[in-house]
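Here are my notes for someone opening this entry for the first time. Please keep the 3D view at hand and go through the points in order.

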Amino acid sequence: MIHVKPKETECPPYNRAMTNWTTKLIHPGVRAPKGFRSLADPTWRGSTVLFPSASAASDNWDQYEAGYTYGLYGTPTTLELASRICELENGYRTIITPGGQSAIALVNLALLHAGDHVLIPESIYGPNRKLAGTLLKRLGVEHSFYEPTIGAGIRELFQPNTRLVWCESPGSITLEIQDVPAIAEAAHARGALVAIDNTWSAGVYFDAFAHGVDITLQALTKYVGGHSDLLLGSVTAREEGTWKLLGAAHQVLGFAASPDDCTLALRGLKTLAVRLRAIEESALHVAHWLAARPEIERVLHPALTSCPGHDIWKRDFTGSSGIFSIVFNEGTEKQEVLNFVDALQLFKIGYSWAGVTSLAVAYDFSRRKGRPPVQHRIVRLNIGLEDSEDLIEDLDQALRSAIHRS
Ligand SMILES: *Cc1c(COP(=O)(O)O)cnc(C)c1O
């Protein structure tokens with residue numbers, strides 16, 4: 001008889017000392033074989049983290065320093081995603097949040113005190129603006145809005161208590177490209193920090209830290225997730241001091257991210273480059289086709305000269321993504337614009353872009369001060385991964401059926 005030496009990966013023998021089955025449910029005497037090596041990132045779930053001894057128990061959020069202490073501050077899956085985002089953005093460290101908006105809230109609540117003032121571009125993501133006008137205001141933080149293409153002229157807007165300047169480039173819906181280096185220089189001369197919402201560039205087409213920014217954030221919900229099936233955000237600091245403020249605020253706010261969603265985001269990262277490349281090419285093709293249409297006054301796509309700040313985009317960015325807007329000719333009725341969106345078949349109607357499905361949303365700035373005078377004539381498009389010729393055909397039939405040419 002040949003004796004085969006048990007391999008290390010085999011199950012240990014059943015623990016006969018434990019007889020009560022209810023205890024076995026919680027403290028099993030058996031374990032799966034070790035040694036699984038896979039290309040997939042494991043999902044580490046967990047609230048409780050075990051300590052080796054009574055004296056080792058601590059509730060320290062800084063898991064890089066203290067080791068793992070509690071699931072709220074991230075499991076190895078969360079921290080794996082944080083490290084990879086941080087590596088791509090060339091930051092000091094990254095915190096993962098449950099969504100892009102909580103990343104925005106974290107930056108504000110970590111850095112601002114009652115009596116501080118914050119500068120926000122008119123083109124900022126809507127809920128960021130709303131936070132300033134509601135909760136921050138209630139907490140005694142003042143804010144004012146600035147024209148997004150102001151550049152170095154922002155120096156006139158600083159107050160003695162200005163502590164933070166927000167940037168978002170390109171701006172939400174109207175896509176203005178900001179002169180971030182000029183804004184950062186003015187802010188630093190006044191001792192203020194600069195935070196940027198870098199979602200449009202997926203953290204890769206605009207190197208925010210190389211352009212003077214102190215804190216970047218992304219809605220990972222968008223290109224990193226890439227499939228419209230998760231919500232996550234990231235905040236990345238350039239320096240340790242800012243990161244410590246963010247980490248301490250993250251602890252008390254309790255902004256825990258789901259490790260399951262982090263696994264999906266880690267998977268999304270692996271295909272980010274090919275998705276972005278395909279989407280960039282398709283969006284450019286569609287944008288150029290739209291720019292030649294008689295119904296359309298302007299296409300707001302940073303790679304087109306008709307977009308405010310196009311030259312700065314050429315100077316500072318290394319690519320473009322798949323979300324841009326079209327402005328219909330003056331005289332186009334609101335109902336025509338709505339009919340256009342309704343007539344689209346491949347383009348669906350909905351928020352949260354950067355997935356594989358093309359989307360269209362109509363906006364109305366008629367009653368919004370500080371926005372370009374496009375009133376109800378603006379529609380934002382998200383280009384997905386459908387064939388661009390099919391998207392053009394869809395846009396063509398919707399334009400023909402909904403927009404009456406004068
Ligand atoms: C979607 C979005 C956010 C918010 O992200 P959520 O994950 O939906 O909370 C923030 N900023 C920009 C620019 C966005 O487009």
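1. Start with the largest cavity. Its lining is made of Ile323, Gly350, Trp353, Leu359, Ala360, Val361, Arg380, Leu381 and Asn382. Two elements each give two or more residues to this lining: strand S10 and strand S11 (378–382). Keep in mind that the model is a predicted one.

2. The largest cavity holds about 30 Å³ of space. A search of the whole structure finds 1 cavity of 30 Å³ or more. Its lining residues divide into 6 nonpolar, 2 polar and 1 charged.

3. The largest pocket. Now turn to the open space. The largest pocket contains about 500 Å³. H4, helix H5 (126–138) and strand S6 (215–219) are the elements that give two or more residues to its lining. H4 gives the most, with 4 residues.

4. The pocket lining. In total, 30 residues line the largest pocket. Nearest its centre are Tyr125, Ser172, Lys222, Trp353 and Arg380. By type, the lining divides into 14 nonpolar, 12 polar and 4 charged residues.

5. Where is the ligand? The ligand sits in the largest pocket. Around the ligand are 13 residues. The closest are Gly100, Gln101, Asp197, Thr221 and Lys222.

6. The shell around the ligand. Its residues divide into 5 nonpolar, 5 polar and 3 charged. Helix H4 (residues 100–111) gives the most to this shell, with 3 residues. H4 likewise gives the most to the lining of the largest pocket.

7. Which atoms does the ligand meet? Look at the backbone of glycine 100 and glutamine 101. A polar backbone atom of glycine 100 is 2.7 Å from a ligand oxygen. For glutamine 101, a backbone N or O atom lies 2.8 Å from an oxygen atom of the ligand. Tryptophan 353 uses its side chain instead: a polar atom there lies 3.1 Å from a ligand oxygen. On its own, the ligand has 380 Å² of accessible area, and the protein covers 89% of that.

8. A cis peptide bond. Please check the link between serine 169 and proline 170. The peptide bond there is cis, with omega about -5°. Proline 170 is placed in the loop between strand S4 (162–168) and helix H6 (180–189).

9. A backbone angle to inspect. Which residue has a positive phi although it is not a glycine? Serine 352 does, with a phi of about 60°. Serine 352 lies in the loop between helix H11 (334–343) and strand S10 (359–363). S10 is one of the elements that give two or more residues to the cavity lining.

10. To recap. The ligand sits in the largest pocket. The model is predicted, so to speak of its local features needs pLDDT of at least 70.

How values were computed
Residues numbered from 1 in each chain as written. Predicted model: local features only at pLDDT ≥ 70, side-chain atom pairs only at ≥ 80, totals over all residues. Heavy atoms only, no water. Near = heavy atom within 4 Å. Polar contact = N/O pair within 3.5 Å; in protein donor to acceptor, adjacent residues only side chain to side chain. Areas by Shrake-Rupley, 256 points an atom, 1.4 Å probe, with all protein chains shown as cover. 1 Å grid on protein atoms, 1.4 Å probe; cavity = no way out; pocket = protein on both sides within 12 Å on 5 of 7 lines; lining within 4 Å. Sits in = over half its atoms within 2 Å of the grid points. Nonpolar A, V, L, I, M, F, W, Y, C, P; charged D, E, K, R; others polar. Points joined across faces, edges and corners; volume = space filled by probe spheres on them.
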